[in-house]
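Dear colleague,

I am passing on the structure below, and my notes on it follow directly after. Please read them with the model open beside you.

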Amino acid sequence: MRKRWRRWATTARTWHRRVGLLVAVLVAVLAITGLLLNHSDRLGLDRTNIVTGWVVDWYGLTPVEDPVHFRAGNNWVSWIDGAVYANGRRVGEARGTPRGALEFDSLVAMATSEAVIVFTGDGELVERLGAAFLPGPVTRVGTVASKDRIVIRTPEGQYASASDLLAWSPIEDEVVWSQTGTPTEAELEKQLAAYRGQGLPLSRVLLDLHSGRLFGSVGAAVMDAAAILLLVLVATGIVNWAGFRKRRR
């Protein structure tokens with residue numbers, strides 16, 4: 001009986017060391033993230049947002065469709081997943097296919113196939129003209145040399161806006177049509193930062209790291225395995241403790 005118990009104690013010590021080394025890193029992650037989450041309010045983790053590119057990309061905060069960019073005077077205007085962004089600020093939603101953007105009369109306008117959105121260079125919305133206020137589906141958008149009117153092309157012809165944007169008249173003047181462009185990396189990052197918004201709370205990232213969900217189902221399974229191995233550590237530790245007490249008697 002004593003020999004059998006010694007074999008159990010030796011086996012328990014061996015597995016205790018092996019399992020301990022295997023789960024040491026995971027236990028450290030669990031302990032550190034658990035401590036931080038336990039003091040989340042005091043540390044302001046809910047008020048600290050992460051906007052780091054790879055983190056928000058990992059969470060899927062990336063455009064579903066390829067963004068479309070236009071240069072309008074000194075402004076960069078982007079259409080990203082059905083919304084308009086100008087100079088790093090979100091202007092608003094814009095359904096339809098993006099057709100172009102232009103600067104006119106100290107304002108900026110962007111047209112999709114279904115609407116014309118007018119805003120300031122700071123991204124403040126001024127006017128939204130839906131399909132009911134347009135002479136037809138927009139296929140192109142531009143302006144004249146004086147840059148005081150919006151000109152749109154529809155399947156029925158070209159039309160110029162009135163000064164109050166409430167009426168459209170046929171026009172045969174020469175038009176400078178908007179073209180797509182490629183912003184610099186810095187300008188592109190500004191638009192994408194506006195698309196991503198405030199990013200993710202740090203507490204959310206730590207919680208997902210704590211549970212393993214940060215790395216999807218595989219990460220959750222690894223953390224489950226770590227929890228099971230911790231129970232093994234407890235069991236082998238008890239066996240070792242009992243063996244030590246028995247040897248002392």
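In strand 8 (residues 116–119), Val-116 and Val-118 point one way while Ile-117 and Phe-119 point the other way, and all of them are buried, where buried means under 20% relative accessible area, exposed over 50% and partly exposed in between, with a 1.4 Å probe and protein chains only. Please note that this is a predicted model, in which local features need pLDDT of at least 70 and side-chain atom pairs count only at pLDDT 80 or more, whereas totals for chains, interfaces and linings use all residues. Residues are numbered from 1 along each chain as its sequence is written, and side-chain values use heavy atoms, with hydrogens and water left out.

Strands (E, at least two residues) and helices (H or I, at least four) are DSSP runs numbered from the N terminus, and two strands pair if DSSP finds at least two bridges between them. Strand 8 pairs in the antiparallel sense with strand 7 (residues 107–112) over 4 bridges, Ile-117 being the bridge partner of Met-110, and a hairpin of 3 residues joins the two strands. Strand 8 also runs antiparallel to strand 9 (residues 125–129), again with 4 bridges, and Phe-119 stands opposite Leu-125 there; the hairpin between these strands has 5 residues, with Gly-123 in the turn at a positive phi of about 85°.

As for aromatic rings, those of Phe, Tyr and Trp (its six-membered ring) pair if their centres lie within 6.5 Å, and planes under 30 degrees apart count as stacked, over 60 as edge-to-face and the rest as tilted. The count by this rule is 1 aromatic pair. The ring centres of Tyr-85 and Tyr-195 are 6.2 Å apart and their planes are at 70°, so the pair is edge-to-face.

With kind regards
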